[in-house]
Amino acid sequence: MITFANVTKRYPTGFEALRDVSLDIQAGEFVFVTGHSGAGKTTLVKLMAAIERPTSGGIIVNGQNLSALRASALPFLRRNFGLVFQDQKLLFDRPVLANVLLPLEIAGTPPREAKKRALAALDKVGLLDREKALPIALSGGEQQRLAIARAVVNRPAILLADEPTANLDAASAGQILSIFNSFNQVGVTVILATHDLQWVDKLRPRVLWLAKGKLHEGLPAQSPVELAPLNALAVPGASDTLIEEATR
Amino acid sequence: MSLAHHQQALATALERLRDAPFNALLSLLVIGIALALPAAGWVALDNVRLAASGLAEAPEVSLFLDPGAGRDEVKAIEQKLRDAGAPYRFVAKDAALERLKAREGLADLVANLPKNPLPDAFVADMAGRDAAAVEAFVKSAGEWPRVAHVQFDSAWMRRLDAFLRLGRLAVVLLAGVFGVGLVAATFNTIRLQMLARAQEIEVARLIGATPGFVSRPYAYYGALQGILGGLLAAALVALAFFFLSGPVGELTRLYGSSFRLRGPSLAEVGALCAAGALLGWLGARLSVALYLRQQPQ
């Protein structure tokens with residue numbers, strides 16, 4: 001579904017964010033891209049969604065070679081993805097429902113159908129009762145769930161999230177990850193850039209490890225990140241309920 | 001690009017007009033005044049044309065025939081006049097003499113003439129034709145057989161025509177200048193709107209919006225603003241002419257004319273709105289194109 005062949009990304013400042021990265025992600029995989037801050041996680045995500053262009057090497061997404069992609073085809077490539085940004089990029093001038101409607105307006109979904117789907121997406125992330133609220137009135141976890149609702153409302157084949165659990169307490173992070181897990185279980189390819197490894201044992205994702213721009217498969221033998229004790233996973237029951245609801 | 005996209009864009013544009021009425025009103029005033037000045041010039045010129053054609057005698061061309069022209073030759077000339085499509089009347093030489101006799105002080109003179117010196121004549125009515133057409137008619141009629149002399153005083157008509165042409169050119173130049181101003185004003189309005197909505201535009205593009213999707217609401221906004229500006233301009237011109245019509249009517253009555261000042265016609269109001277819409281749309285499109293080019297995808 002996503003293939004990188006010897007991809008290097010050097011920024012104009014000379015900083016080499018990725019060095020000779022090759023990877024292959026199949027449809028339906030659940031992938032954690034992890035590593036220190038500045039290891040290149042965000043760059044990897046941006047390259048996948050063609051937000052950045054590689055300095056060298058080839059990227060193929062859904063059978064499309066990104067380096068041969070015309071600018072006019074870019075918007076349609078992006079619609080394959082549900083993107084959750086590190087800074088969420090919610091629109092604070094409009095209510096929750098309108099935020100979720102945006103991708104459907106872009107796709108030209110008829111308004112009645114769009115509303116139905118937006119409400120269904122809000123339901124999946126547990127925000128149905130907040131549809132009229134302004135994003136500013138939501139908690140950090142709720143804002144993140146709103147960002148996910150907006151990402152999934154168009155039923156993308158690939159969910160791509162950059163640090164979706166940053167700045168969240170363990171309970172909220174657990175909820176967020178269980179939502180991603182539920183989408184993966186219904187066949188969506190989910191790729192998360194995160195340095196939060198305490199969920200690896202529970203969710204058993206494929207782990208890609210970035211260090212100094214080089215990509216490694218699996219966690220290093222001596223992980224610099226302490227795996228959290230298992231009791232940190234004892235999240236209030238909400239997360240399991242959410243998974244059940246979403247996959248029902 | 002679907003119909004839903006266009007409905008959405010139009011609805012968005014209307015919402016933005018409604019949500020910032022004060023800003024919209026200021027832009028509308030600028031656009032309205034920019035359109036009102038050339039529009040007023042245009043309608044005023046047309047009034048001058050109408051007034052002049054009402055004040056002056058109906059333009060007539062007299063064809064004096066050769067005294068020796070026979071019946072058949074006169075009939076041939078009559079046929080040519082009919083072909084030319086101009087209303088005409090025949091003034092026989094005897095009838096012309098009678099009319100001359102009827103004039104004060106000429107009766108004695110006429111009575112003393114040994115024979116009628118007047119020729120037969122046709123008088124063709126040239127009302128509704130422009131100077132060039134009348135000129136052409138005079139030239140061709142002069143070459144018809146047995147037409148001795150063609151008389152037409154075209155100087156006033158040509159002067160008026162030249163004046164109107166000059167006036168129209170001035171109006172067109174004025175319209176061009178103000179048109180550029182209108183495009184620039186819309187360009188600026190739309191740019192400010194886009195800068196205020198930079199985040200929305202960025203997010204939309206990141207999640208798959210085409211440049212068309214981004215630009216459509218702004219293009220509609222520009223066009224709508226242009227249409228409203230056109231209506232405002234028409235209202236300003238109509239209002240000005242309403243206040244002028246009284247004094248102008250009085251003035252023309254003193255010249256013995258029943259001329260009445262006319263305001264902008266429905267077609268002219270339509271043309272104003274169409275011009276406003278087109279220029280507003282153009283300004284918006286240029287603004288969006290520049291903005292999108294400056295922002296990375």
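A polar contact here is a pair of N or O atoms within 3.5 Å; within protein, one atom has to be able to donate a hydrogen and the other to accept it, and residues adjacent in sequence count only if both atoms are side-chain atoms. With that rule, seven residue pairs (both at pLDDT 80 or more) are in polar contact across the interface of chain A and chain B. The elements giving two or more residues to the side of chain A that touches chain B are helix 2 (74-78) and helix 3 (96-107) of chain A; helices are DSSP runs of H or I with at least four residues, strands are runs of E with at least two, and both are numbered from the N terminus. Helix 3 of chain A has the largest share of that side, with five residues. Sorted by class, the side of chain A that touches chain B holds 13 nonpolar, one polar and seven charged residues. In this sorting Ala, Val, Leu, Ile, Met, Phe, Trp, Tyr, Cys and Pro are nonpolar, Asp, Glu, Lys and Arg are charged, and the others, Gly among them, are polar.

A word on the ground rules. This is a predicted model, in which local features need pLDDT of at least 70 and side-chain atom pairs count only at pLDDT 80 or more, while totals for chains, interfaces and linings use all residues. Residues are numbered from 1 along each chain as its sequence is written, chains are lettered from A and ligands numbered from 1 in the order in which they are written, and side-chain values use heavy atoms, with hydrogens and water left out.

Back to the two chains. Contact (heavy atoms within 4.5 Å) links 21 residues of chain A with 19 residues of chain B. Together the chains bury about 1,800 Å², 62% of it on carbon and sulfur atoms; buried area is the accessible area (1.4 Å probe) that two parts lose on being put together, summed over both. Arg78(A), Lys89(A) and Ile106(A) supply 30% of what chain A buries against chain B, more than any other three residues. The interface also has two salt bridges, meaning a side-chain nitrogen of Lys or Arg within 4 Å of a carboxyl oxygen of Asp or Glu. A salt bridge joins the side chains of Arg94(A) and Glu200(B), at 2.7 Å from N to O.

Within chain A, an automatic or database assignment sets the domain bounds, giving domain 1 (1-80 + 157-229) and domain 2 (87-156). Their C-alpha centres lie 23 Å apart. The two domains of chain A bury about 1,100 Å² between them, with 71% from carbon and sulfur atoms. Of the area that domain 1 buries there, 43% comes from Arg79(A), Ile179(A) and Phe183(A), more than from any other three residues. No salt bridges turn up between these domains, and one residue pair is in polar contact (both at pLDDT 80 or more). Helix 6 of chain A gives the most to the domain 1 side, with six residues.

Finally, confidence. By pLDDT, the predictor's confidence in each residue from 0 to 100, chain B averages 86 and chain A averages 85. In chain A, helix 8 (residues 238-247) has the lowest mean, 42, among the elements. Over residues 224-248 of chain A the pLDDT is below 50. Where pLDDT is low, the predicted coordinates should not be read in detail.
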